[in-house]
Number of protein chains: 2
Amino acid sequence: MEDKEIEGWDYRAKPSSLSRRFEFSSYAQTRDFLDRLDQLSQQTGLYPHSTNFGTGYVNLTIDLDVDAEAYRAFAVQVGQLYRA
Amino acid sequence: MEDKEIEGWDYRAKPSSLSRRFEFSSYAQTRDFLDRLDQLSQQTGLYPHSTNFGTGYVNLTIDLDVDAEAYRAFAVQVGQLYRA
């Protein structure tokens, strides 16, 4: 694993970003994850570049072009929301 | 305008769907729209096929393959949330 990679996330170099698909068995679970992600974003001031969701999944892309270390830490925290 | 089209939405025939981009000047406004869209979905039991958002935009795709009339009415209601 390269230095810039984070377990569970796909790293892309150009543009520098992390992406990940989270799957859920119900819309209620999907929505709960989105709500907790929103709370985390409001706490940290960091937001995914894009969030794509349907009733049973959330695909996130997090840009690392600016403030990469903060966004890498944010990605780790998002992964912890999923396990919680 | 064809019979299947709805003002403000892009209609695609295969698969039959409507898509639209909504733009906002702040994340707070984006989030408010997403919250009202969620309330509408919970009231109607109808959900977009996919929702893609960043801090200042929301792109929606609504499938019309099943229950097309109900989803067309849902699209009209979503448009009203944006103007409200």
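Ser19(B) stands opposite Thr61(B) in E4(B). Seven bridges join E2(B) to this strand E4 (residues 57-63) of chain B, and the two run antiparallel. Strands (E, at least two residues) and helices (H or I, at least four) are DSSP runs, numbered from the N terminus. Two strands pair if DSSP finds at least two bridges between them.

This is a predicted model: local features need pLDDT of at least 70, side-chain atom pairs count only at pLDDT 80 or more, and totals for chains, interfaces and linings use all residues. Residues are numbered from 1 along each chain as its sequence is written, chains are lettered from A and ligands numbered from 1 in the order in which they are written, and side-chain values use heavy atoms, with hydrogens and water left out.

| Strands | Bridges |
|---|---|
| E1 (residues 10-12) and E2 (residues 17-23) of chain B | three bridges |
| E2 (residues 17-23) and E4 (residues 57-63) of chain A | seven bridges |

E1(B) and E2(B) form a hairpin, with four residues between them. Within E2(B), Leu18(B) is the bridge partner of Tyr11(B).

Eight strands form an open, antiparallel sheet in the order E1(A)-E2(A)-E4(A)-E3(A)-E3(B)-E4(B)-E2(B)-E1(B). E1 of chain A and E1 of chain B stand at the edges, each with a single partner strand, so one side of each has no neighbour in the sheet.

Now the chains. A rotation of 180° with 0.0 Å of shift along its axis superposes chain B on chain A (RMSD 0.0 Å). Superposition is by least squares on the C-alpha atoms of residues with pLDDT of at least 70 in both copies. The two copies are thus related as by a two-fold rotation axis.
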